[in-house]
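Please keep the sequence and the model in view while reading.

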Amino acid sequence: MDYCVKIKKLVQFEKRKWVFLVGLVGLTHLFCQSLMLPYGNALLSLLPDDKNNVVVTAVDDDSSVKISIVENPGTVAASNLDTESLLVLRVKSTKSYNVGRDIGNADKGSVGRDNQENTNPDDLDSADVDDDLDFVEDETLANTTNNVDMDKEGSIVQIVKSQEHESLLQIGEAEFSKNTSLSNVDKNVKGGSATSSPLLIESQVSSTSSVDGHILMVNNKLSASTNGSSLKKKMRCDMPPKTVTPVNEMQRILVRNRARSRAMRPRWSSERDQEILTAKLKIESPPILNNDPELYAPLFRNISMFKRSYELMERVLKVYVYKEGEKPIFHQPILKGLYASEGWFMKLMEGGNKRFLVKDPKKAHLFYMPFSSRMLEYTLYVRNSHNRTNLRHYLKDYSEKIASKYRFWNRTGGADHFLVACHDWAPYETRHHMEHCIKALCNADVTGGFKIGRDVSLPETYVRSARNPLRDLGGKPPSQRSTLAFFAGNMHGYLRPILLKHWTDKDPHMKILGPMPPGVASKMNYIHQMKNSKYCICPKGYEVNSPRIVESIFYECVPVIISDNFVPPFFEVLNWDAFSVIIGEKDIPNLKTILVSIPEKKYLDMQLNVRKVQKHFLWHAKPLKYDLFHMTLHSIWYNRVFQIKSR
């Protein structure tokens with residue numbers, strides 16, 4: 001009897017051991033997954049790897065159609081990164097669209113970027129001198145039938161009139177039913193070929209049926225009148241900014257952000273971090289530089305720190321370029337037009353730059369995500385849809401997949417990763433999921449999420465010839481520049497009409513014009529006017545950035561920047577007061593008074609400084625020391641040095 005009791009106790013003890021062991025293994029598995037996967041995906045990785053697994057995401061406050069189907073990021077195969085499985089496209093009506101390059105040939109005529117003049121990817125953005133277009137928020141819709149009153153903290157509601165139906169699709173703060181069935185999602189698009197790998201959602205609305213509860217519940221704070229008049233919501237690009245951050249305040253922000261970094265502390269230590277921290281100490285206490293044959297001291301905030309940092313970048317910095325991603329969005333640079341900056345950097349970074357590139361990511365200090373924001377828009381944006389959500393989800397899926405495959409993203413939360421993007425939509429497309437990355441952006445707007453001291457203001461360069469990016473370089477000497485100020489361009493945004501209202505045909509010394517006629521002769525006249533003017537006016541368009549700033553430097557004309565909240569390129573190292581004039585938008589009526597009040601000697605100094613700084617804004621087929629490629633890479637390195645935290 002006692003023998004049987006002992007056996008029972010032994011069995012019970014063994015059961016407890018087994019339960020404890022199984023629990024320990026499970027906890028260990030979850031812990032390992034949390035180190036390897038993006039945040040929140042550890043539990044997802046336990047699900048079976050089935051193409052039918054879906055995640056219905058919550059509503060974004062600035063998107064249109066609020067459904068997304070995502071492959072399980074924890075179990076996705078690395079090879080899938082090179083397929084079209086990343087594509088998540090939202091379509092508002094039953095109108096059919098072609099997925100891929102055919103989207104570029106869709107109807108034109110909507111606001112902003114919908115008016116793109118080129119559909120040939122080999123000749124993108126090369127037809128117009130002034131094409132810095134933009135359309136603003138996704139919520140801005142045309143051809144609607146109701147007026148909407150919207151509470152600031154209420155739901156964002158869009159009332160869309162389908163082009164093929166007369167029904168209304170109301171989109172607000174969505175709560176998806178737990179029993180929502182996604183089995184009827186159509187994966188074939190009329191006129192296209194999305195058969196297996198692309199994940200495509202098409203929202204179909206008939207004229208007799210209402211939205212049947214699968215998509216949304218409209219917030220009761222919405223009040224809509226049905227008087228038949230159209231919704232008139234003014235776009236952000238047509239309104240002055242609510243707040244203005246002057247340049248001197250930007251400088252204070254830069255100093256403050258240098259002193260206290262908000263970057264994530266690494267989850268584990270790295271030898272590469274120690275190398276950067278050692279470089280930081282050397283940069284902060286550089287040898288005093290008096291005369292340098294290659295650098296001109298007045299152009300820089302601190303020429304000694306810049307020189308020391310640049311030398312350490314050449315000696316220390318190693319970059320790993322992700323191979324994931326498929327053309328044309330990844331690894332396909334555009335070398336001419338308005339968005340050439342991102343293309344030239346991609347070309348020169350990926351083109352065998354042995355000084356900085358490494359094949360082993362463990363040896364890298366920085367990680368480059370080589371996508372083209374221009375090709376992202378060209379390939380995926382559905383013309384006239386006013387919905388860019390699928391572009392953002394495409395990059396979100398990409399970042400999640402490289403985080404699933406590699407461990408480096410999660411070590412720093414992406415703080416040692418960087419992107420280079422020149423399209424106006426890039427701040428929106430990289431919001432949230434790439435928020436901690438270093439972003440080199442042409443659209444450097446402090447009110448649009450640009451972080452001074454972490455992000456880099458990328459010069460927007462209009463390249464007319466990919467074979468010869470230096471064509472027409474230079475200008476007349478100061479004594480032969482007969483025009484005081486020159487501007488010509490399209491009436492984009494709210495500011496340029498104000499400029500023309502005050503100065504067109506008002507003064508013979510102020511050549512302030514509207515759009516130039518099309519044709520080669522007109523373009524040559526435009527270049528001639530810039531070469532012949534003392535000051536070149538660079539007002540903002542739809543967004544804060546403008547290619548005229550670099551054009552002015554290219555043609556040795558002193559740039560006059562009129563764009564509130566714009567962070568000038570390479571703001572962390574260059575002293576823009578030495579070679580440019582920055583005035584507030586409110587001072588446009590006093591433009592001539594400001595310019596003529598500048599002493600002749602100061603103008604001559606600024607014009608000399610423009611010629612000296614010019615080499616820092618030029619692209620070369622083979623990169624040269626201190627050129628635009630190296631200046632961009634240096635600012636990315638420099639900001640990382642001062643943002644890094646030790647473990």
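Predicted model: local features only at pLDDT ≥ 70, side-chain atom pairs only at ≥ 80, totals over all residues.

Two residues are said to touch, or to be in contact, when heavy atoms of the two lie within 4.5 Å.

**A serine in helix H4**

Ser-304 is found in helix H4, which covers residues 303-316. Leaving aside residues up to four places away in sequence, Ser-304 touches Pro-286, Pro-287, Ile-288 and Leu-289. The C-alpha atoms of Ser-304 and Asp-292 are separated by 9.8 Å, and these two residues are twelve residues apart along the chain. Is Ser-304 buried or exposed? Its relative accessibility is 8%, so Ser-304 counts as buried, given that the cut-off for a buried residue is under 20% relative accessible area.

Helix H3, made of residues 271-284, packs with helix H15, made of residues 628-643, at an angle of about 95°, and their axes are 9 Å apart. The two helices H3 and H15 are therefore roughly perpendicular to each other. On the side of H3 the contact is made by Asp-273, Ile-276, Ala-279, Lys-280, Ile-283 and Glu-284, while H15 contributes Trp-637, Tyr-638, Arg-640, Val-641 and Phe-642. Sorted by class, this contact of H3 with H15 has seven nonpolar and four charged residues, and no polar ones.

In soluble globular proteins, nonpolar side chains tend to be buried together. In this model the largest nonpolar core has 126 residues, and of these Tyr-535 and Trp-637 touch the most other members. Helix H15 gives the most to this core, with nine residues.

Which residues does Trp-637 touch, not counting residues up to four places away in sequence? They are Ile-276, Ala-279, Ile-283, Ser-309, Leu-312, Met-313, Val-316, Leu-317 and Leu-366.

**Cysteines and disulfides**

A disulfide is a covalent bond between the sulfur atoms of two cysteines. A search of the whole structure finds two disulfides, and when the bonded cysteines of the protein chain are numbered in sequence order, the pairing is 1-2, 3-4. The table sets out the distance between the sulfur atoms of each pair.

| Disulfide | Sulfur to sulfur distance |
|---|---|
| Cys-422 and Cys-442 | 2.0 Å |
| Cys-536 and Cys-557 | 2.2 Å |

For Cys-422 and Cys-442, the torsion about the S-S bond is about -95°, so this disulfide is left-handed. Cys-422 lies in the loop between strand S9 (417-421) and helix H9 (426-429), and Cys-442 lies in the loop between strand S10 (438-441) and strand S11 (456-457), so the pair ties together parts that are 20 residues apart in sequence. Both Cys-422 and Cys-442 are buried.

For Cys-536 and Cys-557, the torsion about the S-S bond is about 115°, so this disulfide is right-handed. Cys-536 lies in strand S14 (residues 533-539), whereas Cys-557 lies in the loop between helix H12 (548-554) and strand S15 (558-562), so the pair ties together parts that are 21 residues apart in sequence. Cys-536 and Cys-557 are both buried.

Cys-538 takes part in no disulfide, and the nearest cysteine sulfur, which belongs to Cys-536, is 6.5 Å away. Cys-538 is buried, with a relative accessible area of 2%. Cys-437, at 0% relative accessibility, also counts as buried.

**Backbone details**

Most residues other than glycine have a negative phi, and most peptide bonds are trans. Against that background, a few places in the backbone can be pointed out. Where does the chain hold a cis peptide bond? Such a bond joins Lys-327 and Pro-328, with omega about 10°, and Pro-328 lies in the loop between strand S7 (319-321) and helix H5 (340-350).

Glu-556 has a phi near 60°, a positive value in a residue other than glycine. Glu-556 has its place in the loop between H12 and S15, and with a relative accessible area of 13% this residue is buried. Phe-570 also has a positive phi, near 50°, and has its place in the loop between S15 and strand S16 (581-583). At 0% relative accessibility, Phe-570 counts as buried.

Key:
Residues numbered from 1 in each chain as written. Heavy atoms only, no water. Axes fitted to C-alpha atoms, helices over the stretch in contact; angles between N-to-C directions. Helix = DSSP H or I, 4+ residues; strand = E, 2+ residues; numbered from the N terminus. Parallel < 35°, antiparallel > 145°, perpendicular 65-115°, else oblique. Nonpolar A, V, L, I, M, F, W, Y, C, P; charged D, E, K, R; others polar. Disulfide = S-S within 2.5 Å. Buried < 20%, exposed > 50% of the residue type's maximum accessible area, 1.4 Å probe, protein only. Core = buried A, V, L, I, M, F, W, Y, C linked by side-chain atoms within 4.5 Å.
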